[in-house]
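Let us walk through this structure, one element at a time.

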There are 2 protein chains.
Amino acid sequence: MSASTRDSGVRGAGRMAGVLAPVLTPFGPDLAPDAPRWIRHCRWLLDQGCAGLAIFGTTSEANSLSVDERERLLEQILAAGVDPGRLVVGTGCCALPDTIRLTRAAVRAGCAGALVLPPFYYKSVSDDGLFRSFAEVIERVGDNQLCMYLYHIPPIAQVGISAALLERLLAAYPRAVAGMKDSSGDMENTRAMIARFGGSGFDVFAGSERFLLATLRAGGAGCITASANVNPAAIARLYREWRSPDADAQQTALDAVRSALERNAVIPALKHVVAHFAGDPAWRTVRPPLVPVAENRGAALVTELSGRGFGMPGLRT
Amino acid sequence: MSASTRDSGVRGAGRMAGVLAPVLTPFGPDLAPDAPRWIRHCRWLLDQGCAGLAIFGTTSEANSLSVDERERLLEQILAAGVDPGRLVVGTGCCALPDTIRLTRAAVRAGCAGALVLPPFYYKSVSDDGLFRSFAEVIERVGDNQLCMYLYHIPPIAQVGISAALLERLLAAYPRAVAGMKDSSGDMENTRAMIARFGGSGFDVFAGSERFLLATLRAGGAGCITASANVNPAAIARLYREWRSPDADAQQTALDAVRSALERNAVIPALKHVVAHFAGDPAWRTVRPPLVPVAENRGAALVTELSGRGFGMPGLRT
């Protein structure tokens, strides 16, 4: 794979590569999703250099949305004219019919991919059971346009995606299984997945920009990272310039912003930062069980970021 | 509270007490819920002495069902003439709108209660966030007939219900918050919850019949237990006779059956046992990510139970 193919944000046969933002979902005062604010943020993220949008990820509070709400938002963003080829849709739910319904909706809409959590209520489930889950989704969706990215996020889902499971899935569904997002926080796992499966056109995305440079050096496809909601241009720049002499310095600068964000619960912190730089306090709203960042902690975060010269140009409308 | 009130299976103002079965959900070969088989099993459980049915619990694979599927099954069991006053409905989902929708459906149907998991995708959430979750459900359902039982099952949900959270909820919603199911597996926690909250008409159910006698001696309301799907009469008998001289011996006999069931994954094991004693192999089907018990292990389980004189009289149709 050439650097130029990567730089175009497209990998292999129409495959996504680069930096994807798991887009925050804004809510109104009644806690309903706020589609116009959301679509505005989506456009800003693409303008800032994101290769794509991973809508309905963990950072999107997607597991706090009903299936109806996710379907409706997908319809709205498509109706607004956002290119489905830039969308990877989070579709993994606890219940098989929900995962099938959302995955089918994404594929039929022409989206670039579906990012699929394993069913995560029951714990200590076997790879046999997880294989059956993903196999049922692939077979019941029954569409050879499906690009499925498996979502490995054991710190939250608790149920993970093992190499043995991936091997079985790739053997059975080499076309549908397109890659994974590794949010284990363990670069050794990311490296091992790339080394074992990367050669066959399986695209591994790091789950945090902390691992972007290491992931690209190992042969990975990019990252899908919460921080891209607020720091997209700098993260996308490192993706473009990862072979440049200052790549390590760029990575260090990204890590400093990430560390500031992580001093609070990340999703409310990101919403606080967007609210501040957009001049739009409504962005602070989160759905339960999350709670907003306390006012004083949010102010401290903004002060720290501003002190680093951080900004979100073009966000204020 | 008198023993006779308990014995009637009704506690306080129409409150549920005794042994409740979290009813297994049978599936057809296409993995769709099989309502006729399910309703037959529900009737058998009531005939065997269960005070009520906790439909859509963990044992029911309810988190593998869509909201539509749960609503449809609830409609079907009511249409079949099962008394809603015997039903406690599992309604807790990750997404607030889903929990509200199911809880509302249960209350409007006149069900005895709603058994509500906390939202369980996000981990390490605050009691503030959980309080907001339950408060939104109670307020948006907005029906003073709601009897909410909080479902504490940290080994699976990972997100639990603390005493501090309960205190806040009871202070804010003393009428709606009716009790809890404690599936922590920790009798000390159950005792502490009864001691702290039991006096105010808050009903604590153990999550396993292993703790039935200890729970009743501590002043609890009964148990909601997976094993009641296969061993209901003996568990219900201990509930009725917990003050009798042979209560400890009855508890020991219950524990032996439970131990046999726990040598395999419990839900598939229960389905295997029902399939065997009903003479109905279709009962073995589970939804992914669960997998059926291996044939040889299932046979060994049946042999062990049969050797103990275990049976399921009246189940075979």
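This is a predicted model. Start in chain A, where strand 7 of chain A and strand 8 of chain A run parallel and are joined by five bridges. Within that pairing, A:Leu150 sits opposite A:Met180 of strand 8 of chain A. On to the next partner. Strand 8 of chain A also pairs with strand 9 of chain A, residues 203-206, in the parallel sense, over four bridges. Here A:Lys181 faces A:Phe205 of strand 9 of chain A. Strands of a sheet pair through backbone hydrogen bonds, in a parallel or an antiparallel manner.

Strand 8 of chain A, helix 8 of chain A (residues 187-197) and strand 9 of chain A form a right-handed β-α-β unit.

Now take helix 5 of chain A. Helix 5 of chain A covers residues 127-141, which makes 15 residues. From first C-alpha to last it reaches 21 Å, close to the 21 Å expected at 1.5 Å a residue. Its buried residues include A:Leu130, A:Arg132, A:Phe134, A:Val137 and A:Ile138. Among the elements that cover the buried residues of helix 5 of chain A are helix 4 (96-108), strand 6 (113-116), strand 7 (148-152) and helix 7 (163-172) of chain A. Just after helix 5 of chain A comes A:Gly142, with a positive phi of about 55 degrees.

Turn to chain B for the sheet as a whole. Eight strands of chain B make a closed barrel in the order 3-4-5-6-7-8-9-10, with parallel pairing. Neighbouring strands of this sheet are turned by 25 degrees against each other on average, direction ignored. One pair shows the detail. Strand 5 (residues 87-90) and strand 6 (residues 113-116) of chain B run parallel and are joined by three bridges. B:Val89 stands opposite B:Ala114 of strand 6 of chain B. Helix 4 of chain B, residues 96-108, lies across strand 5 and strand 6 of chain B, at about 155 degrees to strand 6 of chain B.

Finally, the two chains. A rotation of 180 degrees, with 0.0 Å of shift along its axis, superposes chain A on chain B with an RMSD of 0.0 Å. That is the relation of a two-fold axis. In chain A, the C-alpha nearest the axis belongs to A:Tyr121, 4.0 Å from it. The same surface serves both copies: 100% of the contact residues of chain A recur in chain B.

Notes. Residues are numbered from 1 along each chain as its sequence is written. Chains are lettered from A and ligands numbered from 1 in the order in which they are written. This is a predicted model: local features need pLDDT of at least 70, side-chain atom pairs count only at pLDDT 80 or more; totals for chains, interfaces and linings use all residues. Copies are superposed by least squares on the C-alpha atoms of residues with pLDDT of at least 70 in both. Two residues are in contact if their C-beta atoms, placed from the backbone, lie within 7 Å. Two strands pair if DSSP finds at least two bridges between them. Helices (H or I, at least four residues) and strands (E, at least two) are DSSP runs, numbered from the N terminus. Axes are lines fitted to C-alpha atoms, for helices over the stretch in contact, and angles run from 0 to 180 degrees between N-to-C directions. The expected span of a helix is 1.5 Å times one less than its number of residues. A residue is buried if 20 or more other C-beta atoms lie within 10 Å of its own, exposed if 12 or fewer, and partly exposed in between; C-beta atoms are placed from the backbone. A crossover is right-handed if, with the strands pointing away from the viewer, the path from the first strand over the helix to the second runs clockwise.
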